[in-house]
Amino acid sequence: MAPKILVLEDNKMMQSFLKTYLNQRFQVTVLDNPKKAIKALQTGEWPDLILLDLELPVMHGWDFLDYMQKDSHLKQIPTIVLSGRKKSSDRIISLQKGAS
């Protein structure tokens, strides 16, 4: 079975691009807000990788990272932050909050 990737992205064009590109080798699930992701993760079916936008509706990406760090299983999932933010401090905060 192909490795699973969870994409948390609210931009429809980026969703389409990532799903089209990644579906060639991975099983991809795209969700547009972290609350939906939390509900999906609570089922116990964890992805092998999470691609996370920071600027999301309902919950900021950093808050999602904080949530993941509180769970011993979830914090083991590699999480890559994809963001248009350009400040190095944003990258540092993401890493401090558990991003890979």
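**Briefing: fold and strand pairing**

Strand β1 pairs in the parallel sense with strand β2 (residues 27-31) over five bridges; pairing requires at least two DSSP bridges between two strands. This is a predicted model, in which local features need pLDDT of at least 70, side-chain atom pairs count only at pLDDT 80 or more, and totals for chains, interfaces and linings use all residues. Residues are numbered from 1 along each chain as its sequence is written, and side-chain values use heavy atoms, with hydrogens and water left out.

**Strand β1**
- Four of the five residues of β1 (residues 4-8) are buried, so the strand is largely enclosed by the rest of the structure; buried means under 20% relative accessible area with a 1.4 Å probe, protein chains only.
- Isoleucine 5 stands opposite valine 28 in β2.

**Fold and dimensions**
- The protein has four helices and four strands, which are DSSP runs (helices H or I, at least four residues; strands E, at least two) numbered from the N terminus.
- From the N terminus on, their order is β-α-β-α-β-α-β-α.
- Along the principal axes, the C-alpha atoms fill a box of roughly 35 × 30 × 25 Å.

**Burial and contacts**
- Of the 100 residues of the protein, 34% count as buried.
- Among contacts with a separation of 6 or more, 61% are between residues 24 or more positions apart; a contact means heavy atoms within 4.5 Å.

**Surface**
- Carbon and sulfur atoms account for 55% of the accessible surface of about 6,300 Å², computed by the Shrake-Rupley method with a 1.4 Å probe.

Methods: Buried < 20%, exposed > 50% of the residue type's maximum accessible area, 1.4 Å probe, protein only.
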